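Reader: I'd like to learn how to read domains and sheets in a model. Can you walk me through one?

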Amino acid sequence: MSKVNLGVNVGGLQMPNPVTTASGTFGSGLEMTEYVDLSRLGAITVKGTTLEPRPGNLQPRCAETPAGMLNSIGLENPGVEVFVKETLPKVAEYGSPIVVNIAGKDIEDYGKVAAILEKEDAVHALEVNVSCPNVKNGGMALGTNPDLVKETAEVVKANTTKPVIMKLSPNVTDIVEVANAAKAGGADGLTLINCLLGMAVDIRTKKPILGNVVGGLSGPAIKPVALRMVYQVHKAVDLPIIGLGGITCWQDAVEFLLAGATAVSIGTANFIDPTVTMKVIDGIEQYLIDNGYNDVHDIIGLAAK
Amino acid sequence: MLETGKVLLNEKVGKDIWRMELKCPWIAKKAKPGQFVNVRVKDVAEPLLRRPISLHGIDDANGIISLLYLVVGRGTEMMTHMENGDSIDLLGPLGNGFSTFFHGRRAVIVAGGIGSAPFYPLMEALRKKDKQIKMIYGARDEESLACLDLYEEEGVEMILVTEDGSVGEKGFVTNPLDRLLGEEGADFVYACGPEAMLKAVEGVVEKYHLKGEVSTEARMGCGLGVCLSCSKKAKDGKNRKCCQDGPVFAMGVMDYE
């Protein structure tokens with residue numbers, strides 16, 4: 001038994017602790033069982049799923065940048081039907097809440113994927129990816145337009161009874177406007193932030209490094225931007241937030257909680273230390289004990305008061 | 001698994017090529033030829049990611065592995081400054097490794113540049129199975145051929161090839177490979193090197209209706225099969241993750257562009 005309450009609720013998604021995994025950095029979780037006790041995670045957020053299988057983008061798909069990395073994977077995945085049949089039952093055996101990240105080439109697609117997942121009891125919530133910087137249609141093209149964010153949220157909500165968490169793009173001028181649009185569309189929670197759009201050039205070949213030219217920047221480099229957006233949205237919009245962007249240790253996670261996130265998500269750091277999620281859970285608990293709190297809610301948004 | 005290795009030796013063995021020996025008993029016990037480790041050079045935000053590096057030596061009895069690495073960027077440059085006794089954070093062994101089960105005895109190994117790295121432990125494994133080994137080792141120039149003494153000690157029959165003709169045959173590895181397979185044949189061919197070389201080698205091997213394996217490389221994010229950075233197209237239309245499905249693939253599987 002935990003000495004303090006770590007449990008949180010993100011718009012109906014009940015998590016035993018506030019730590020989940022960033023979609024696309026943790027596979028389905030099954031790849032990580034050598035390093036992580038999946039049953040200890042607050043939730044497992046799985047790789048983005050689409051209606052049809054997607055082969056992903058051209059090589060090279062990643063490049064290292066100062067304190068971060070660029071990726072342009074392009075939502076490679078076997079499609080929602082294969083995910084539901086082959087992967088989901090195995091992940092469900094670990095007992096942690098499962099959040100399925102969904103994406104589509106148009107808004108109608110999002111509704112169809114949501115409808116398919118609605119039938120699956122093992123799915124606890126949908127995270128709606130309107131922020132992938134690496135696909136031509138859907139993704140960020142939706143997420144940078146508040147009207148389309150609202151419409152996407154409405155279509156997904158119409159096709160599911162599960163909590164709908166909109167994962168927003170930081171590549172906008174006013175994140176609060178987009179967050180409000182998600183709320184108006186019926187979203188139950190928000191995930192902030194997806195990758196920042198970036199680029200790297202190879203001075204030897206004199207060409208962009210990524211096959212897709214541009215890609216999503218993640219890692220410690222984006223943490224200040226992510227924290228700022230979590231803070232702004234927490235102040236202005238009454239929706240629970242899953243905060244992420246450059247979290248590599250429990251101290252980073254506590255910063256996000258203080259800035260107003262109800263839960264946190266670990267992304268790029270999984271690549272460097274695959275055991276990091278476990279350390280962050282333990283670290284948050286110890287921080288609460290050391291500071292005389294008995295409930296994680298006691299610190300959520302303290303820096304925004 | 002994560003293991004902290006202790007540097008036992010870190011020396012320059014060719015043009016921008018270094019060899020590091022590390023004490024890390026768990027990885028040495030588990031590893032097989034063709035696998036790699038993902039190296040965290042330093043616990044800093046830059047360089048952030050680990051560096052995937054082939055196992056160039058596996059000494060289970062003494063708990064030692066060695067890495068042969070080409071200095072190509074900041075991470076590998078930082079590795080050259082590591083000294084005996086320094087600790088280094090390793091993730092591995094990763095990937096699938098070479099198969100040593102093939103019908104017949106005659107193995108031909110084709111290495112291009114730093115692609116020679118995984119072949120020393122493979123040779124040791126093949127020797128234990130009483131296979132005969134011939135190696136074609138090509139590089140840009142003489143200085144880019146590393147650790148020739150190791151193969152000499154093993155008594156491996158070597159054909160050296162350089163692009164500038166500074167040592168051995170002038171040209172590319174495919175010329176002597178074509179000749180060797182045409183004149184003597186072989187039972188299995190292994191290759192590791194740049195993608196263009198692998199494609200050409202597979203072409204020659206196919207011409208003689210032989211089988212073999214290639215060890216591929218890609219920019220990797222995780223090495224664990226979760227980020228899909230190293231996912232590449234195969235001829236069956238599906239993708240393969242270089243880090244987890246590979247880095248070794250049967251010849252004829254991958255679709256080189």
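This is a predicted model: local features need pLDDT of at least 70, side-chain atom pairs count only at pLDDT 80 or more; totals for chains, interfaces and linings use all residues.

Reader: Into which domains is chain B divided?

Author: Domain bounds come from an automatic or database domain assignment. Here chain B has domain 1 (2-94) and domain 2 (106-215), with C-alpha centres 24 Å apart.

Reader: How many residues of the two domains are in contact?

Author: Contact means C-beta atoms, placed from the backbone, within 7 Å. In chain B, 14 residues of domain 1 touch 13 of domain 2. On the domain 1 side, E4(B) gives the most, with 5 residues. Strands (E, at least two residues) and helices (H or I, at least four) are DSSP runs, numbered from the N terminus.

Reader: And the sheet: what is the order of its strands in chain A?

Author: Strands of a sheet pair through backbone hydrogen bonds, either parallel or antiparallel. Two strands count as paired if DSSP finds at least two bridges between them. In chain A, an open sheet of 8 strands runs E3-E16-E15-E10-E9-E8-E7-E4, with parallel pairing. Its edge strands, E3 (19-21) and E4 (44-49) of chain A, each pair on one side only.

Reader: How many bridges join E9 to E10 in chain A?

Author: There are 3 bridges between E9 (164-167) and E10 (189-192) of chain A. A:Met166 stands opposite A:Leu190 in E10(A).

How values were computed. Residues are numbered from 1 along each chain as its sequence is written. Chains are lettered from A and ligands numbered from 1 in the order in which they are written.
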